Amino acid sequence: RHRVPNSGPSWGRENFFARSCEQQRNAAAAAEEREEHNFGGTHSSGSAFLVADCKADAKRDADKGVCDYAQALVVHIAIRFENRPQDILSTMERAGGLPSTGSQHSTVKAIMRLCHPDKCKHPEAKRAMQVLSPLLNRQ
């Protein structure tokens, strides 16, 4: 429960909650703007943070025996960048340890082989395949 300070008529209960809500909206807008700024570019610190987060999740999955590390890393990156498919391949390249060939088509096929549900037992492998499959058609 919030305690409203009693410092005069301009600081009433309604004013306190209106300011509190406005501050929350401003903080949410600022956070969204930071996320767009940090995660929009291919070399931003935000993307580096996401790659590190995906690597940590993949290591946990590999340690639990869900699947091997490379498979889990592909799954986590594909799902994390689901709304920004144009960043998936560059992010996987920065993550390292994943297949990279001359053409985008063959690189995507090699990555998809890693997370194919018949070969990868990760619970999100099917979803990762669905995210990656449109990349086969892009040039």
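Val51 is buried, at 8% relative accessibility, where buried means under 20% relative accessible area, exposed over 50% and partly exposed in between, with a 1.4 Å probe and protein chains only. The model is predicted, so local features need pLDDT of at least 70 and side-chain atom pairs count only at pLDDT 80 or more, while totals for chains, interfaces and linings use all residues. Residues are numbered from 1 along each chain as its sequence is written, and side-chain values use heavy atoms, with hydrogens and water left out.

Val51 belongs to helix α2; helices (H or I, at least four residues) and strands (E, at least two) are DSSP runs, numbered from the N terminus. Apart from neighbours within four places in sequence, Val51 is in contact with Thr91 and Ala95, contact meaning heavy atoms within 4.5 Å. The C-alpha atoms of Val51 and His76 are separated by 9.1 Å, although these residues are 25 residues apart along the chain.

The protein chain as a whole contains 6 helices and 0 strands, and along the sequence its pattern reads α-α-α-α-α-α. Of its 139 residues, 33% count as buried. Taking contacts between residues at least 6 apart in sequence, 47% join residues at least 24 apart.

In soluble globular proteins, nonpolar side chains tend to be buried together. Here the largest nonpolar core has 30 residues, and Val74, Met92 and Leu132 have the most contacts inside it. A nonpolar core is a set of buried Ala, Val, Leu, Ile, Met, Phe, Trp, Tyr and Cys residues joined through side-chain atoms within 4.5 Å. At least two residues of this core come from each of α2 (45-64), α3 (69-80), α4 (88-95), α5 and α6 (125-132). The largest share, 8 residues, is supplied by α3.

What does Val74 touch, not counting residues up to four places away in sequence? Its partners are Met92, Leu98, Ile111, Leu114, Cys115 and Leu132. Ile111, a residue of helix α5, is buried at 2% relative accessibility. Beyond four places in sequence, Ile111 touches Val74, Leu89, Met92, Pro99 and Leu132. From C-alpha to C-alpha, Ile111 and Met92 are 9.2 Å apart in space and 19 residues apart in sequence.

Next comes the pairing of α3 with α4. Two packed helices are described by the angle between their axes and the distance between the axes. For α3 and α4 the angle is about 140° and the axes are 10 Å apart; axes are lines fitted to C-alpha atoms, for helices over the stretch in contact, and angles run from 0 to 180 degrees between N-to-C directions. The crossing of α3 past α4 is right-handed, a crossing being left-handed if the near helix is turned anticlockwise from the far one by less than a right angle, and right-handed if clockwise. On the α3 side, Leu73, Val74, Ile77 and Ala78 meet Ile88, Thr91, Met92 and Ala95 of α4.

Leu89, also in helix α4, is partly exposed, with a relative accessible area of 21%. Setting aside neighbours within four places in sequence, Leu89 is in contact with Gln104, Thr107, Val108, Ile111 and Leu135. Leu89 and Ser100 are 11 residues apart in sequence, and 9.1 Å separates their C-alpha atoms.

Thr107 lies in helix α5, which spans residues 104-115. Is Thr107 buried or exposed? Thr107 is buried, with a relative accessible area of 9%. Its side chain reaches the backbone oxygen of Ser103 at 2.9 Å. Beyond four places in sequence, Thr107 touches Leu89, Pro99, Ser100 and Thr101.

The cysteines can be taken together. A disulfide is a covalent bond between the sulfur atoms of two cysteines. The structure holds 0 disulfides, counted as pairs of cysteine sulfur atoms within 2.5 Å. Cys115 is buried, with a relative accessible area of 0%; its sulfur has its closest cysteine sulfur in Cys120, but the 6.6 Å between them is too far for a bond. Cys54 also counts as buried, at 0% relative accessibility.

The last stop is the loop between α2 and α3, where Val66 is found. Val66 is partly exposed, at 26% relative accessibility. Not counting residues up to four places away in sequence, Val66 touches Asp61, Lys121, His122 and Pro123. Val66 and His122 are 56 residues apart along the chain, yet their C-alpha atoms are separated by 5.8 Å.

Terms used
A polar contact is a pair of N or O atoms within 3.5 Å; within protein, one must be able to donate a hydrogen and the other to accept it, and residues adjacent in sequence count only if both atoms are side-chain atoms.
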